[in-house]
Amino acid sequence: MPGHLWEHAHNWYANMTIAERLLQLKHSGQPFVVHLSDGRALKIRAGDYISLNPSGKGTNVTVYGGGEDEEHFIPIFSISSVSVES
């Protein structure tokens with residue numbers, strides 16, 4: 001079963017909720033991108049630029065941009081995917 005570990009890891013990642021993935025990336029320290037269902041993409045520079053309920057059960061996410069007053073309140077159901085910026 002050479003592919004067994006990869007398949008297990010792939011299935012685990014596929015079963016993560018958006019909130020769980022956001023929390024994981026928030027604490028990783030790496031930049032990432034939040035893709036919205038309306039086609040927009042919000043770049044998150046670091047974990048300090050996003051806020052969500054630590055339980056992962058919240059319904060909204062706040063994303064802070066580069067501008068002093070730039071913040072986006074996003075319903076979590078409008079996030080279609082999250083990707084790591086390379």
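Guide: The protein's secondary structure amounts to 2 helices and 6 strands. Note that this is a predicted model.

Visitor: In what pattern do they follow along the sequence?

Guide: The pattern reads α-α-β-β-β-β-β-β.

Visitor: How many residues are there, and what share counts as buried?

Guide: The protein has 86 residues, and 28% of them count as buried.

Visitor: What about contacts between residues at least 24 apart?

Guide: Taking contacts between residues at least 6 apart in sequence, 45% join residues at least 24 apart.

Visitor: Helices next. Which residues of H2 are buried?

Guide: H2 covers residues 18–28, and the buried ones there are Ala19, Arg21, Leu22, Leu23 and Leu25. Just after H2 comes Gly29, with a positive phi of about 85 degrees.

Visitor: Where is Met16, then?

Guide: Met16 sits in the loop between helix H1, residues 4–14, and H2.

Visitor: Why does Met16 count as buried?

Guide: Its relative accessible area is 15%, and Met16 counts as buried because the cut-off is under 20%.

Visitor: What does Met16 touch?

Guide: Not counting residues up to four places away in sequence, Met16 touches Arg21 and Gln24. Arg21 is also one of the buried residues in H2.

Visitor: Switching to loops. Where is Pro54?

Guide: Pro54 is in the loop between strand S3 (50–51) and strand S4 (60–64).

Visitor: Buried or exposed?

Guide: Pro54 counts as exposed, at 73% relative accessibility.

Visitor: How far is Pro54 from Leu23, C-alpha to C-alpha?

Guide: The two C-alpha atoms are separated by 7.4 Å, and the residues are 31 apart along the chain. Leu23 is among the buried residues of H2.

Visitor: Now S4 itself. What is Thr62 in contact with?

Guide: Thr62 lies in strand S4. Leaving aside neighbours within four places in sequence, Thr62 contacts Tyr49, Ile50, Ser51, Glu71, His72 and Phe73.

Visitor: Is Thr62 buried or exposed?

Guide: Thr62 is buried, with a relative accessible area of 12%.

Visitor: Where is Ser78?

Guide: Ser78 is in the loop between strand S5 (71–75) and strand S6 (79–84).

Visitor: Buried or exposed, that one?

Guide: Ser78 is buried; its relative accessible area is 16%.

Visitor: What does the side chain of Ser78 reach?

Guide: The Ser78 side chain reaches the backbone oxygen of Pro75, at 2.7 Å. Beyond residues up to four places away in sequence, Ser78 touches His35, Leu36 and Ser37.

Visitor: Which residues line the largest cavity?

Guide: The lining consists of Ala19, Leu52, Asn53, Gly56, Gly58, Thr59, Asn60, Val61 and Ile76.

Notes. Residues numbered from 1 in each chain as written. Predicted model: local features only at pLDDT ≥ 70, side-chain atom pairs only at ≥ 80, totals over all residues. Heavy atoms only, no water. 1 Å grid on protein atoms, 1.4 Å probe; cavity = no way out; pocket = protein on both sides within 12 Å on 5 of 7 lines; lining within 4 Å. Helix = DSSP H or I, 4+ residues; strand = E, 2+ residues; numbered from the N terminus. Buried < 20%, exposed > 50% of the residue type's maximum accessible area, 1.4 Å probe, protein only. Polar contact = N/O pair within 3.5 Å; in protein donor to acceptor, adjacent residues only side chain to side chain. Contact = heavy atoms within 4.5 Å.
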